[in-house]
Number of protein chains: 2
Amino acid sequence: MEQLQYHEGRTEISQLGKVALIERLTEGTACCGDDCAVLGDGPKKTLVNVQTLVEGVDFDMMYTPLRHLGYKSIAIAISNIAAMNGTARQALVSVAVSNRYSVEALDELYAGMHLCCKRYDVSMVGGDTASTRAGMVISVTVVGEADEASLTRRSGASHNDLICVSGDLGSAYAGLLVLEREKVTYQANPDFQPDLDGFDYVLERFLKPEPRTDIVAALKERGVVPTSMTDVSEGLADSLLHLSRASGCGCEVYEERLPIDYQTSRVCSEMSRNMLPVSCALNGGKDYELLFTVSQKDYEQVKQMEGVHIIGYVTEPGMPALMVTPQNTTIELRAQGFQGVDQ
Amino acid sequence: MEQLQYHEGRTEISQLGKVALIERLTEGTACCGDDCAVLGDGPKKTLVNVQTLVEGVDFDMMYTPLRHLGYKSIAIAISNIAAMNGTARQALVSVAVSNRYSVEALDELYAGMHLCCKRYDVSMVGGDTASTRAGMVISVTVVGEADEASLTRRSGASHNDLICVSGDLGSAYAGLLVLEREKVTYQANPDFQPDLDGFDYVLERFLKPEPRTDIVAALKERGVVPTSMTDVSEGLADSLLHLSRASGCGCEVYEERLPIDYQTSRVCSEMSRNMLPVSCALNGGKDYELLFTVSQKDYEQVKQMEGVHIIGYVTEPGMPALMVTPQNTTIELRAQGFQGVDQ
């Protein structure tokens with residue numbers, strides 16, 4: 001039989017980092033490094049995105065209602081279509097489960113999926129189930145469309161473009177922190193009643209994110225085509241680095257401009273190690289907000305857009321990705337490595 | 001926190017069966033029950049298929065070379081496009097692994113994927129990696145196209161149509177049996193050298209299946225559009241039941257007409273419980289051959305096609321799916337339940 005070990009050396013995935021790993025694995029292919037694959041030769045492009053969620057890594061069954069999980073799995077795939085200024089049209093779902101799950105559990109999961117599809121006018125055109133030895137794996141493929149003229153990639157930002165972000169940042173991670181805290185307390189004492197009062201917003205942000213298709217619609221209405229865009233799935237720092245790297249520019253954002261909800265700040269102050277809210281915003285992830293750049297000429301338009309914050313600007317090629325603090329010191333933003341694998 | 005248990009009752013997935021489960025979960029949606037989702041309003045259709053492979057269920061790392069696994073994961077997704085008489089064009093890959101896997105291991109996996117993409121003229125347009133706590137999960141989305149006039153669904157078979165199958169059946173399962181036997185022997189004695197002599201064909205059939213795009217091309221060349229088609233991924237019985245059910249007809253196939261390779265027969269005779277080769281063909285699965293029906297007028301054309309076997313015919317609506325033995329007794333074909341979950 002052929003041997004499984006082909007190489008003498010062994011490089012850990014965490015040594016390389018996710019971006020470099022994907023570049024290495026897809027070298028010489030048509031993979032674009034955008035949020036979706038872009039298909040079609042004509043002016044109407046087809047966008048395709050696949051999201052895989054793995055139990056124990058991407059979700060914890062201890063505090064994730066199945067209906068919410070179903071909703072979220074569709075929502076984050078739609079978010080990737082929105083991140084290219086496109087419109088999601090169809091979803092294909094593949095769920096692999098162990099026999100720990102009942103038919104009724106899958107009913108709940110799919111009920112959440114159908115709800116999200118309905119809300120965002122997406123047709124479920126494919127469903128499949130498979131089996132695992134343990135746990136659940138959800139794979140969602142979303143197909144969308146965009147006109148070539150409005151399709152927005154990560155690579156189009158230029159020097160002096162304005163950097164904008166929708167909604168607020170760090171709240172999904174704050175929600176996760178609350179749930180993890182309650183889980184630990186529950187494990188110590190199963191009679192314990194979870195105390196989630198006053199955290200409804202951050203919990204909803206984590207358990208049931210909404211893709212920002214409303215921002216895509218608002219941009220269209222105002223005739224603004226962003227020069228580059230991505231969604232904030234692994235934290236603002238990661239998303240900024242993606243845009244910078246793809247566009248070959250630097251960027252500078254202002255800490256005091258970062259939109260952070262008061263519940264996020266409250267969760268941070270309650271945490272034992274006194275976490276900084278800005279750390280949640282930069283590195284927390286799972287916000288599924290849109291990060292985009294626009295040309296200076298569109299300043300008046302984006303300034304008036306509800307829920308859009310101008311947080312900085314694009315700097316010259318060769319410059320790093322920086323955050324300026326209120327004390328006017330600059331911090332270089334870095335990726336947080338390969339999320340999950342090296343945790 | 002919302003409760004995870006919503007229902008008093010609990011129905012096991014194995015009680016319901018895979019087909020009924022998927023129908024239940026996707027009720028009221030545009031899911032078609034075909035091998036791919038079909039998108040587009042015009043005469044040119046876009047086909048999309050997602051395949052998820054889970055370590056420990058769909059593959060065993062003990063005897064699966066990573067390069068073969070990569071090849072196979074693309075091949076079976078392409079097979080689903082072929083199963084609708086379409087042509088695969090693009091592939092998107094998402095691989096979730098634990099830190100047990102090195103970068104070099106992923107290199108091997110992707111090398112196999114690239115090889116299969118190249119061989120079948122498919123562009124890899126999206127690649128992603130994620131993490132699991134344990135094991136590997138591979139998700140492949142393949143996008144293809146078909147003209148509306150040649151697109152073949154499962155539902156078009158009519159009474160008296162001929163039932164055809166490509167290649168041979170049961171050999172992939174025979175290959176799996178050989179590998180499982182060697183694994184057990186190895187586990188009992190790690191100094192043991194595997195004896196795979198004379199099984200090269202069945203091993204290749206299991207480890208590195210080829211999608212039958214050549215059959216799709218040959219059908220086109222001869223101007224034959226099948227009335228219905230699917231691929232043989234879970235055994236001939238399962239595929240026949242899919243076509244029968246979708247077309248609302250019965251079917252009758254002849255045991256002596258089923259194409260079975262001599263290596264498959266040899267593996268069966270060597271197995272301790274003296275397995276019947278026809279059982280491998282009916283229930284073994286993973287052959288990725290094409291099962292299709294053609295109208296009687298195309299008899300001369302398909303008779304001349306290399307590697308195509310006419311194994312029976314479609315019977316009237318309301319009739320069951322039957323196999324006629326050489327002794328002229330009939331056996332009703334049944335699905336083997338939910339593969340994997342209830343193993």
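**Figure 1. A:Val324 and its partner at the end of a sheet.** In this predicted model, look for A:Val324: its bridge partner in β12 of chain A is A:Thr330. The pair belongs to a set of three bridges that join β11 (residues 321-324) to β12 of chain A. These two strands run antiparallel. Helix α8 of chain A, residues 236-247, packs on the sheet here and touches β7, β8 (250-254), β9 (289-294) and β11. Its direction makes about 155° with that of β7(A).

**Figure 2. The seven-stranded sheet of chain A.** Now for the whole sheet: seven strands of chain A line up in the order β7-β9-β6-β10-β8-β11-β12. The sheet is open, and its pairing is mixed. Which strands are at the edges? They are β7 (228-232) and β12 (330-332) of chain A, and each of them pairs on one side only. Go from one strand to the next and the twist averages 25°.

**Figure 3. Two strands meet β10 in chain B.** Switch to chain B and find B:Gly312 in β10. On one hand, B:Gly312 is the bridge partner of B:Ile163; on the other, B:Gly312 is the bridge partner of B:Val253. The strands behind these pairs are β6 and β8 of chain B. Five bridges tie β6 (residues 162-166) to β10 (residues 308-315) in chain B, and the two run antiparallel. Four bridges tie β8 (residues 250-254) to β10(B), again in an antiparallel arrangement.

**Figure 4. A helix residue, B:Asp214.** B:Asp214 sits in helix α7 of chain B, which covers residues 213-221.

**Figure 5. The five-stranded sheet of chain B.** Here is another open sheet, this time with five strands of chain B in the order β1-β2-β5-β3-β4 and mixed pairing. Why do β1 and β4 of chain B count as edges? Each has a single partner strand, so one side of each is left without a neighbour in the sheet. The twist averages 20° from one strand to the next. Helix α3 of chain B (residues 66-82) lies across β2, β3 and β5 of chain B, at about 30° to β5(B). Helix α4 of chain B packs on the sheet too, touching β3 and β4, and its direction makes about 170° with that of β3(B).

**Figure 6. Strand β5 of chain B and its neighbours.** Zoom in on β5(B), which is mostly covered, with ten of its twelve residues buried. Eleven bridges join β2(B) to β5(B), and ten bridges join β3(B) to β5(B). Both pairings are antiparallel. For another pair, B:Thr87 stands opposite B:Glu145 in β5(B).

**Figure 7. Where the two domains of chain A touch.** The domain assignment of chain A gives domain 1 (33-147) and domain 2 (162-332). Their C-alpha centres lie 22 Å apart. In the contact, domain 1 of chain A takes part with 18 residues and domain 2 with 19 residues. On the domain 1 side, the touching residues are ten nonpolar, six polar and two charged.

**Figure 8. Chain B meets chain A.** Turn chain B by 180°, with a shift of 0.0 Å along the axis, and it can be laid on chain A with an RMSD of 0.0 Å. That is the relation of a two-fold axis. The same surface serves both copies, with 100% of the contact residues of chain B recurring in chain A. How many residues take part? The contact takes 65 from chain B and 65 from chain A. Elements that each supply at least two residues on the chain B side include α1 (13-16), α2 (18-25) and β2 (44-54). The largest share, nine residues, comes from β4(B). By class, the chain B side has 34 nonpolar, 22 polar and nine charged residues.

Note on methods
Residues are numbered from 1 along each chain as its sequence is written. Chains are lettered from A and ligands numbered from 1 in the order in which they are written. This is a predicted model: local features need pLDDT of at least 70, side-chain atom pairs count only at pLDDT 80 or more; totals for chains, interfaces and linings use all residues. Two strands pair if DSSP finds at least two bridges between them. Domain bounds come from an automatic or database domain assignment. Two residues are in contact if their C-beta atoms, placed from the backbone, lie within 7 Å. Ala, Val, Leu, Ile, Met, Phe, Trp, Tyr, Cys and Pro count as nonpolar, Asp, Glu, Lys and Arg as charged, and the others, Gly among them, as polar. Copies are superposed by least squares on the C-alpha atoms of residues with pLDDT of at least 70 in both. Axes are lines fitted to C-alpha atoms, for helices over the stretch in contact, and angles run from 0 to 180 degrees between N-to-C directions. A residue is buried if 20 or more other C-beta atoms lie within 10 Å of its own, exposed if 12 or fewer, and partly exposed in between; C-beta atoms are placed from the backbone.
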